[in-house]
Amino acid sequence: MEKAKVYFTREITPEAVIRVYELLGKELPGKVAVKVHSGEKGNQNYLRPQFMRPMVEAVKGTVVECNTAYDGARNSTEKHKMLMAEHGWSRYFQVDLLDGEGPDLVLSISGGKVLKENYVGKNMANYDSMLVLSHFKGHPMGGYGGALKQLSIGCASSAGKCLIHSGGATDDQNIVWSHVAEQDAFCEAMAEAAGSVVEYFKGNTAYVNMMCNLSVDCDCCAIAEDPCMKDIGILSSLDPVALDQACMDLIYQSKDPGREHFLKRVESRHGTHTIDAAAQLGYGTKEYELICV
């Protein structure tokens with residue numbers, strides 16, 4: 001596989017998001033889903049809709065999200081819609097909770113070691129392409145969150161999230177947390193679920209990772225640590241594996257004193273195993289050319 005192109009700017013502005021996206025030279029066709037993280041109620045680190053607004057409007061996109069599988073303000077359609085309004089998403093954009101109503105859309109997974117299928121919100125079928133806007137940061141279970149997490153857990157329905165977290169053991173929210181998969185199997189399940197979404201859109205995807213508000217905790221945490229590192233920049237690619245690898249490499253290369261704390265979270269959860277597993281599945285590569293702009 002040829003090296004993937006990854007574009008990188010240290011500027012962190014709404015205009016920079018558009019610039020690194022446009023450098024990809026990819027016009028997303030038809031109706032565009034823009035995957036974001038709505039931010040759990042109480043979280044201080046999630047990226048605000050005002051920051052995303054110029055990019056979403058540039059592709060004439062619909063902001064999409066999915067419900068969670070744990071207690072909080074986003075684990076039901078009614079509560080999640082209220083939070084999307086409270087956080088301003090529905091003030092600026094058309095918003096679609098992909099799994100707001102069932103039944104789920106079932107995506108097959110070819111060559112998966114852990115999962116044979118992935119459950120996503122049925123409304124995914126209404127879109128021709130997807131722009132994945134990811135806040136790159138740590139994660140309490142996955143080690144880190146970037147493009148691959150947005151594609152996997154981010155696009156999975158509540159039942160799909162249960163399948164991923166349990167390594168295929170259950171799709172039942174009532175019992176999933178007593179059936180959590182062994183860590184490497186969980187990472188592999190994320191990689192497999194992400195690949196099913198990539199396959200579904202058949203190349204009509206683009207990815208932007210924003211390396212700012214670099215907390216060890218995800219935007220899904222109601223109580224999250226404040227950022228432990230200075231902002232790094234914005235990266236884009238047509239390859240989600242290369243994009244996440246490039247972000248991790250920038251963390252490892254950083255001389256920021258908070259780097260060790262961030263990496264402790266990643267390494268203690270075998271976070272980069274998700275990248276390795278995704279590369280082995282063949283829908284992306286860890287080899288990339290970093291193009292600074």
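Which residue stands opposite Y7 in β11? It's S236, and I'll come back to that pair once we've seen the sheet.

Quick housekeeping before that. This is a predicted model, where local features need pLDDT of at least 70, side-chain atom pairs count only at pLDDT 80 or more, and totals for chains, interfaces and linings use all residues. Residues are numbered from 1 along each chain as its sequence is written, and side-chain values use heavy atoms, with hydrogens and water left out.

Two strands pair if DSSP finds at least two bridges between them.

Okay, the sheet. It's open, it has 8 strands, and the order goes β4-β3-β2-β7-β10-β11-β1-β12, with mixed pairing. At the edges sit β4 (95-97) and β12 (288-292), each pairing on one side only. From one strand to the next, the twist averages 25°. For angles here, axes are lines fitted to C-alpha atoms, for helices over the stretch in contact, and the angles run from 0 to 180 degrees between N-to-C directions.

Let's look at some pairings. β7 (residues 129-135) and β10 (residues 205-211) run in the parallel sense over 6 bridges, and V132 has Y207 of β10 as its bridge partner.

Now back to β1, residues 4-9. With β11 it pairs in the antiparallel sense over 4 bridges, and that's where Y7 faces S236. With β12, β1 pairs in the parallel sense over 5 bridges, and there V6 stands opposite L290. Buried means under 20% relative accessible area, with exposed over 50% and partly exposed in between, using a 1.4 Å probe and protein chains only.

What about helices on the sheet? Helix α3 (residues 77-86) lies across β3 and β4, at about 155° to β4.

Next, two helix pairs. The axes of α8 (residues 240-253) and α9 (residues 259-268) come within 9 Å and cross at roughly 135°. That makes them oblique to each other; under 35 degrees would be roughly parallel, over 145 roughly antiparallel, 65 to 115 roughly perpendicular, and the rest is oblique. On the α8 side, the contact (heavy atoms within 4.5 Å) is made by M248, I251 and Y252, and α9 brings R259, F262, L263, V266 and E267. By class that's 6 nonpolar, no polar and 2 charged residues. Nonpolar covers Ala, Val, Leu, Ile, Met, Phe, Trp, Tyr, Cys and Pro, charged is Asp, Glu, Lys and Arg, and the others, Gly among them, are polar.

The other pair is α7 (residues 183-201) with α10 (residues 272-281), packed at about 50° with axes 8 Å apart. These two are oblique as well. Their contact includes C187 and M190 of α7 and A277 and L281 of α10, and its residues divide into 6 nonpolar, 2 polar and 3 charged.

Last stop: A156, in the loop between α5 (147-151) and α6 (158-165). Buried or exposed? At 0% relative accessibility, A156 counts as buried. Leaving aside neighbours within four places in sequence, A156 touches C66, N67, N118, Y119, V120, K161 and I164.
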